[in-house]
Amino acid sequence: MKKFAFLLLLSIFNLCFSQETYNVKTVDQFAIYPTCKDSIDKFAECFDLKLNEDLQTKLSNIKLDKILKTQGEYFAKLNFVVDEEGNFTNIRISGNDVLGRISKEVLLKINNEQIDNDAKISPALLNGNPVKINYAVPIKYVIK
């Protein structure tokens, strides 16, 4: 009986406090990157373009050749959530661990700079309410 009561309480807790995370196809309006405010109806495309530009700009300022050292192609993928406040959360990396960790730090730096400059991401909307969305960014770096 105690086990049943515990499981029942755990289930109720999960239902009350879990929030669904959406994707580009399930929201009414995708998150709006700060420099994409004028991209009417193309928010997802602009978000992807501008976030990738910011990541590449900041990664190019890091001496990745010296950190990664060996010639070749390096791949990493950042999977994360853009929450209801427009912040990057739940960041997970896959692929090359070193490139992934550096890219994660750069992503967090971009988020912090947006907060400091009061130019945050506007969250995705579903039925007029801000919602969390899943997002992924592939990172590729080549040392010749």
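Mentor: Let us begin with the disulfide that joins C36 to C46. Please bear in mind that the model is predicted.

Trainee: What makes the link between C36 and C46 a disulfide?

Mentor: The S to S distance is 2.0 Å, and the cut-off for a pair of cysteine sulfur atoms is within 2.5 Å, so the pair qualifies. By this rule the count comes to one disulfide. C36 lies in the loop between strand 1 and helix 2, while C46 belongs to helix 2, 10 residues apart.

Trainee: Which hand does the link of C36 and C46 have?

Mentor: The link is left-handed, with -85° about the S-S bond.

Trainee: Why is C36 called buried, and why is C46 called buried?

Mentor: Buried means under 20% relative accessible area. C36 has 0% relative accessibility and therefore counts as buried. C46 has a relative accessible area of 9%, so C46 is buried as well. Of the 144 residues of the chain, 33% count as buried.

Trainee: What makes a group of residues a nonpolar core?

Mentor: Its members must be buried residues of the nonpolar kinds, joined through side-chain atoms within 4.5 Å. The largest such core here has 36 residues, and those with the most contacts inside it are F47, L51, F80 and F88. Elements that each supply at least two residues include helix 2 (43-60), strand 2 (72-82) and helix 4 (97-116).

Trainee: With which residues is F47 in contact, leaving aside its neighbours within four places in sequence?

Mentor: Among them are F30, C36, V82, F88 and Y135. Each pair is a contact because it has heavy atoms within 4.5 Å.

Trainee: How do you know that strand 2 and strand 5 pair?

Mentor: At least two bridges are needed. Strand 2 and strand 5 have 11 bridges and run in the antiparallel sense, so they pair. K77 stands opposite P138 in strand 5.

Trainee: How many bridges connect strand 4 and strand 5?

Mentor: Three, in the antiparallel sense, so these strands pair too. L125 stands opposite P130 in strand 5. Strand 4 and strand 5 form a hairpin with two residues between them, and N127 in the turn has a positive phi of about 55°.

Definitions and conventions: Residues numbered from 1 in each chain as written. Predicted model: local features only at pLDDT ≥ 70, side-chain atom pairs only at ≥ 80, totals over all residues. Heavy atoms only, no water. Buried < 20%, exposed > 50% of the residue type's maximum accessible area, 1.4 Å probe, protein only. Helix = DSSP H or I, 4+ residues; strand = E, 2+ residues; numbered from the N terminus.
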